[in-house]
Amino acid sequence: MPQRTSGKVVAIHHVQLAMPEGGEAEARRFYAGLLAIPEVAKPPNLAERGGCWFEEAGLRIHIGIEKDFLPARKAHPAFIVDELFVLIARLQAAGFDVVEDEPLAGFVRPYVSDPFGNRIELMQPIG
């Protein structure tokens, strides 16, 4: 294959997850409240669709409304966490199950499901 000098993907701008209609309050409680990702206003032309955006320095999670919603149980974002066990305790205190996953060299990595059943991987580097 010939070498390319342009046209390559260089970053992820955002990850979009889905939720059922009317789930904004639960999304805010989970993503802004428990995961501590600040909510930002959606652009006016997109706000009428519903949903929520959560963003800060290099991390953008958009939660959109899906009419015939089914949670993503396998496909998932993986978030790097600075104090994983603090977050685990906060999630468990709020009633969320945090499940250990198979080992991955260099990381502790459990997962949790958001209020809609979407799988979220939580990763903290070891060492």
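This is a predicted model: local features need pLDDT of at least 70, side-chain atom pairs count only at pLDDT 80 or more; totals for chains, interfaces and linings use all residues.
Residues count as buried under 20% relative accessible area, as exposed over 50%, and as partly exposed in between. V108 has a relative accessibility of 32%, so V108 is partly exposed.

V108 belongs to a nonpolar surface patch. F85, V108 and I126 make up this patch, and their accessible area together is about 300 Å². V108 is placed in strand 7, residues 107-108. I126 is located in the segment after strand 9 (119-125). The relative accessible area of I126 is 55%, so I126 is exposed. Contacts of I126, leaving aside neighbours within four places in sequence, are with G106, F107 and V108. I126 was also compared with E83. The two residues are 43 residues apart along the chain, and 11 Å separates their C-alpha atoms.

Helix 1 was examined next. Helix 1 spans residues 24-34. Its buried residues are E24, A27, F30, Y31 and L34. The strands involved are strand 1 (15-19), strand 3, strand 4 (59-65), strand 8 (110-113) and strand 9. Helix 3 is also packed against by the buried residues of helix 1. Just after helix 1, the backbone of A36 adopts a positive phi of about 60 degrees.

Aromatic pairing was then considered. A pair of aromatic rings is described by the distance of the centres and the angle of the planes. The structure contains three aromatic pairs. One of them joins F30 and F96, with 5.1 Å from centre to centre and 55 degrees between the planes; this pair is tilted. It links distant parts of the chain, with F30 in helix 1 and F96 in the loop between helix 3 (84-93) and strand 6 (98-100). The two residues are 66 residues apart. F30 is buried, at a relative accessible area of 0%. F96 is buried as well, at a relative accessible area of 11%.

The rings of Y31 and F54 form a stacked pair, because their centres are 5.5 Å apart and their planes stand at 25 degrees. The cut-off for stacking is under 30 degrees. This pair also links distant parts of the chain: Y31 lies in helix 1 and F54 in strand 3 (residues 52-56), 23 residues apart. Y31 has 0% relative accessibility and counts as buried. F54 has a relative accessible area of 0% and is buried too. One aromatic cluster is formed by F30, Y31, F54 and F96.

A charge-ring arrangement was found at Y111. The charged end of R119 sits over the ring of Y111, at 4.1 Å from the ring centre. R119 is buried, with 12% relative accessibility.

Side chains of opposite charge can pair when their charged atoms come close. Five salt bridges are present in the structure. One of them joins R119 and D101, with the closest N and O atoms 2.8 Å apart. D101 has a relative accessible area of 24%, so D101 is partly exposed.

A salt bridge also joins R109 and E121, where the closest N and O atoms are 2.6 Å apart. R109 is in the loop between strand 7 and strand 8, and E121 is in strand 9, so the pair ties together parts twelve residues apart in sequence. R109 is buried at 18% relative accessibility. E121 is likewise buried, at a relative accessible area of 6%. D101, R109, R119 and E121 are linked in a network of salt bridges.

Another salt bridge involves R60 and E55, whose closest N and O atoms are 3.9 Å apart. The cut-off for a salt bridge is within 4 Å. R60 has 31% relative accessibility, so R60 counts as partly exposed.

Methods. Residues are numbered from 1 along each chain as its sequence is written. Side-chain values use heavy atoms; hydrogens and water are left out. Rings of Phe, Tyr and Trp (its six-membered ring) pair if their centres lie within 6.5 Å; planes under 30 degrees apart count as stacked, over 60 as edge-to-face and the rest as tilted. Helices (H or I, at least four residues) and strands (E, at least two) are DSSP runs, numbered from the N terminus. Buried means under 20% relative accessible area, exposed over 50%, partly exposed in between (1.4 Å probe, protein chains only). A charge sits over a ring if NZ of Lys or CZ of Arg is within 6 Å of the ring centre and within 35 degrees of the ring normal. Patches are made of residues with over 30% relative accessible area and no salt bridge: like charges are joined within 9 Å, nonpolar side chains (Val, Leu, Ile, Met, Phe, Trp, Tyr) within 5 Å. Accessible areas come from the Shrake-Rupley method with a 1.4 Å probe; for residues, only the protein chains shown count as cover. A salt bridge is a side-chain nitrogen of Lys or Arg within 4 Å of a carboxyl oxygen of Asp or Glu. Contact means heavy atoms within 4.5 Å.
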